[in-house]
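Student: Hi! I've got a new model open and would like to talk it through with you. Can we start with the overall picture and then go into details?

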Amino acid sequence: MYQEYNTMETALTLQLDFTIPEDHEARLISRFVDSIPAEFLLEETSHTGRPAFHPAMLLKMCLFAYSRSTFSGRTIDPIQLGHLLIISKSHTNSIIDLTSERLLELIMLEKKIVEVLENNFNILGVSIIQNNGKVMDDGTHFHVHIVPRYTEDKFWDNQTVARRNIDLNHLKEVLSYI
């Protein structure tokens with residue numbers, strides 16, 4: 001019916017040689033989910049296909065992810081199967097406005113997702129795309145697209161951009177101050 005429910009295993013390669021403090025929010029979430037009667041979590045169980053992950057484990061992961069500053073998920077309008085989004089929960093329109101701590105969390109999550117995609121699926125790699133500032137749609141906030149790439153996927157063949165001039169000498173000058 002379900003895959004074995006074991007909180008000591010993980011789908012990602014993570015460094016797990018640390019102890020989670022008793023007062024950590026992950027333990028609070030775990031105790032909360034464990035307090036939910038099983039009949040509420042298990043009432044709509046499918047008995048076909050591969051064994052499902054236990055609903056308690058999925059709920060714990062979902063609640064913990066939403067308690068963090070970033071999360072990932074599938075996009076509404078994917079460019080390619082497996083196209084994922086990493087979305088900052090900080091309501092900002094630009095990478096410039098993210099704190100260094102939030103940016104580091106975002107990049108570390110991006111790295112883990114890319115590693116999972118490249119190690120578990122037959123892809124060449126990924127394209128990572130982000131929009132900033134005024135090119136963002138109203139009501140959205142900073143996010144990163146991770147798009148799996150395949151041999152001859154014609155990813156760049158459909159990109160038509162109206163070219164604009166930029167003063168390359170000025171760009172070189174201002175970048176030299178970084």
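Student: How much of the chain counts as buried?

Tutor: This is a predicted model, and 22% of the 178 residues of the chain count as buried.

Student: OK, and how many helices and strands are there?

Tutor: The chain has 5 helices and 4 strands. Starting at the N terminus, the elements go α-α-α-β-β-α-β-β-α.

Student: What share of the contacts with a separation of 6 or more comes from residues 24 or more positions apart?

Tutor: Such pairs account for 59% of those contacts.

Student: Let's move to α4. How many residues does it have, and how far does it reach?

Tutor: Helix α4 covers residues 100-120, which is 21 residues. From its first C-alpha to its last it reaches 30 Å, close to the 30 Å expected at 1.5 Å a residue.

Student: Which of its residues are buried?

Tutor: Leu 106, Glu 110, Ile 113, Val 114 and Leu 117 are buried in α4. They sit on the same side of the helix, because they cover an arc of only 100° around the axis.

Student: Why would residues a few places apart point the same way?

Tutor: An α-helix has 3.6 residues a turn, so residues three or four places apart point the same way.

Student: Nice. And which residues are exposed on the other side of α4?

Tutor: There you'll find Ser 100, Glu 101, Leu 104, Lys 111, Asn 119 and Asn 120 exposed.

Student: What about the largest nonpolar core, which residues make it up?

Tutor: It has 11 residues in all: Leu 84, Ile 86, Leu 98, Leu 106, Ile 113, Val 114, Leu 117, Ile 123, Phe 142, Val 144 and Ile 146. At least two residues of this core come from each of β2 (84-88), α4 and β4 (143-149). The largest share is that of α4, with 4 residues. As a general point, nonpolar side chains tend to be buried together in soluble globular proteins.

Student: Switching topic: where is His 83, and is it buried or exposed?

Tutor: His 83 lies in the loop between β1 (70-74) and β2. Its relative accessibility is 2%, so His 83 counts as buried.

Student: Which side chain does the side chain of His 83 make a polar contact with?

Tutor: That would be the side chain of His 145, at 2.8 Å.

Student: And Thr 99, where is that one?

Tutor: Thr 99 is in the loop between β2 and α4. With 44% relative accessibility, Thr 99 is partly exposed. Its side chain reaches the backbone nitrogen of Arg 102 at 3.1 Å.

Student: Now Arg 149: buried or exposed?

Tutor: Arg 149, which is found in strand β4, has a relative accessible area of 17%, so this arginine is buried.

Student: Which residues does Arg 149 touch, leaving out those up to four places away in sequence?

Tutor: Arg 149 touches Ile 123, Leu 124, Gly 125, Val 126, Ser 127, Phe 155 and Trp 156.

Student: Back to rings, then. How many aromatic pairs does the count come to?

Tutor: The count is 1 aromatic pair. Phe 155 and Trp 156 form it, edge-to-face, at 4.8 Å centre to centre with 90° between the planes.

Technical notes:
Residues numbered from 1 in each chain as written. Predicted model: local features only at pLDDT ≥ 70, side-chain atom pairs only at ≥ 80, totals over all residues. Heavy atoms only, no water. Expected span 1.5 Å × (residues − 1). Buried < 20%, exposed > 50% of the residue type's maximum accessible area, 1.4 Å probe, protein only. Arc of directions from axis to C-beta. Core = buried A, V, L, I, M, F, W, Y, C linked by side-chain atoms within 4.5 Å. Polar contact = N/O pair within 3.5 Å; in protein donor to acceptor, adjacent residues only side chain to side chain. Contact = heavy atoms within 4.5 Å. Phe/Tyr/Trp six-rings, centres within 6.5 Å; stacked < 30°, edge-to-face > 60°.
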